[in-house]
Amino acid sequence: MNLDNFKSAWQQQSTDTHSAIEINQAKLAEIKINKQIKALNKMKWARIIESVVFLIIIVLLWKYIAAGFTFSAPIISGFVLNLFAIIGLAGNIGQIVLISNIDYSKPVNQLQKDFYRVCSHKLELTKLLLMSVPFYLAYVFIGFDLLFGIDLYQYLELHMIWFYSLSSVLLFIATAWVFAKLNYKNISEKWVNASVQFIVGKRLVTMAEFLNSSELIES
């Protein structure tokens, strides 16, 4: 083999290797997307099951309200908790639609935002539960009515009503502040970062940091 033949063989080998690498990268990307699609399908089923649970809660609460419809603390509590259940159901339906419409041909930033919204579902659910905390008396009133058939509100002293009302207002202010803060735009704040990582995991923190830095660059 002379030098020209050797160069030609080397170039051919190099071309074949390069083609093989490109094919393997395409194959790897396809495998990665397939894994993500499977993971998204699992998430979609989980959201469907959650939606059914929320629907059952809504139906049960409506039956409870309809059975004893009066202007009383337990019935008003039923309306309040039903409102949270309806918001939860709406959020789950939104997630199912979002997962069904994930489009891998979108720009990276937009796709990353969609994935963040999908993966932050647990965070949003936690925020919803958090916002129900100021209405803790609703659970107490319904509990007493279901377990003992008592409208607890009628037996509360005036100063206790004021105490519970004031504590609910303070809790509402505190939880509304936390609700607004738990957002990817505030991920650089240590307590937000730690809270998101504790509730969902490190992956969502990484996604939030990516989105935040991308928006800072764009602006």
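What follows covers the cores, the aromatic pairs, the salt bridges and a surface patch.

This is a predicted model, where local features need pLDDT of at least 70, side-chain atom pairs count only at pLDDT 80 or more, and totals for chains, interfaces and linings use all residues. Residues are numbered from 1 along each chain as its sequence is written, and side-chain values use heavy atoms, with hydrogens and water left out.

**Nonpolar cores**

- In soluble globular proteins, nonpolar side chains tend to be buried together.
- The largest nonpolar core here has 21 residues, and Tyr116, Leu123, Val196 and Leu204 touch the most other members. (A core is a set of buried Ala, Val, Leu, Ile, Met, Phe, Trp, Tyr and Cys residues joined through side-chain atoms within 4.5 Å; buried means under 20% relative accessible area, exposed over 50%, and partly exposed in between, with a 1.4 Å probe and protein chains only.)
- Two or more residues of this core come from each of α2 (73-100), α3 (108-119), α7 (190-199) and α8 (202-218). (Helices are DSSP runs of H or I, at least four residues, numbered from the N terminus.)
- Leave aside residues up to four places away in sequence, and Leu204 touches Tyr116, Cys119, Ser120, Leu123 and Val196. (Contact means heavy atoms within 4.5 Å.)
- A second, separate core has 7 residues, including Ile75, Leu81, Ala138 and Ile142.

**Aromatic pairs**

- There are 8 aromatic pairs in the structure. (Rings of Phe, Tyr and Trp, the last by its six-membered ring, pair if their centres lie within 6.5 Å; planes under 30 degrees apart count as stacked, over 60 as edge-to-face and the rest as tilted.)
- One of them joins Tyr116 and Tyr184 edge-to-face, at 5.3 Å centre to centre with 70° between the planes. Tyr116 sits in α3 and Tyr184 in the loop between α6 and α7, so this pair ties together parts 68 residues apart in sequence. Both tyrosines are buried.
- Phe144 and Phe148 make a tilted pair, 5.4 Å centre to centre with 55° between the planes. The two share helix α5 (residues 136-148) and lie 4 residues apart, about one turn of the helix. Phe144 is partly exposed at 31% relative accessible area, while Phe148 is exposed at 54%.
- Tyr136, Phe163 and Tyr164 come together as one aromatic cluster.

**Salt bridges**

- The structure has 4 salt bridges. (A salt bridge is a side-chain nitrogen of Lys or Arg within 4 Å of a carboxyl oxygen of Asp or Glu.)
- Lys106 and Asp114 meet at 2.9 Å, N to O. Lys106 is partly exposed at 30%, but Asp114 is buried at 3%.
- Asp114 also bridges to Arg117, at 3.9 Å, N to O. Arg117 is partly exposed at 47%.
- Lys127 and Glu124 form another bridge at 3.6 Å, N to O. They are 3 residues apart in helix α4 (residues 121-132), so about one helical turn separates them. Lys127 counts as buried at 5%, and Glu124 is partly exposed at 38%.
- Shared partners link Lys106, Asp114 and Arg117 into one salt-bridge network.

**Surface patch**

- Which residues form a nonpolar patch on the surface? They are Phe135, Leu166, Val169, Leu170, Phe172 and Ile173, with about 560 Å² of accessible area together. (Patches are made of residues with over 30% relative accessible area and no salt bridge: like charges are joined within 9 Å, nonpolar side chains (Val, Leu, Ile, Met, Phe, Trp, Tyr) within 5 Å; accessible areas come from the Shrake-Rupley method with a 1.4 Å probe, and for residues only the protein chains shown count as cover.)
- Ile173 belongs to helix α6 (residues 158-181) and is exposed at 51%.
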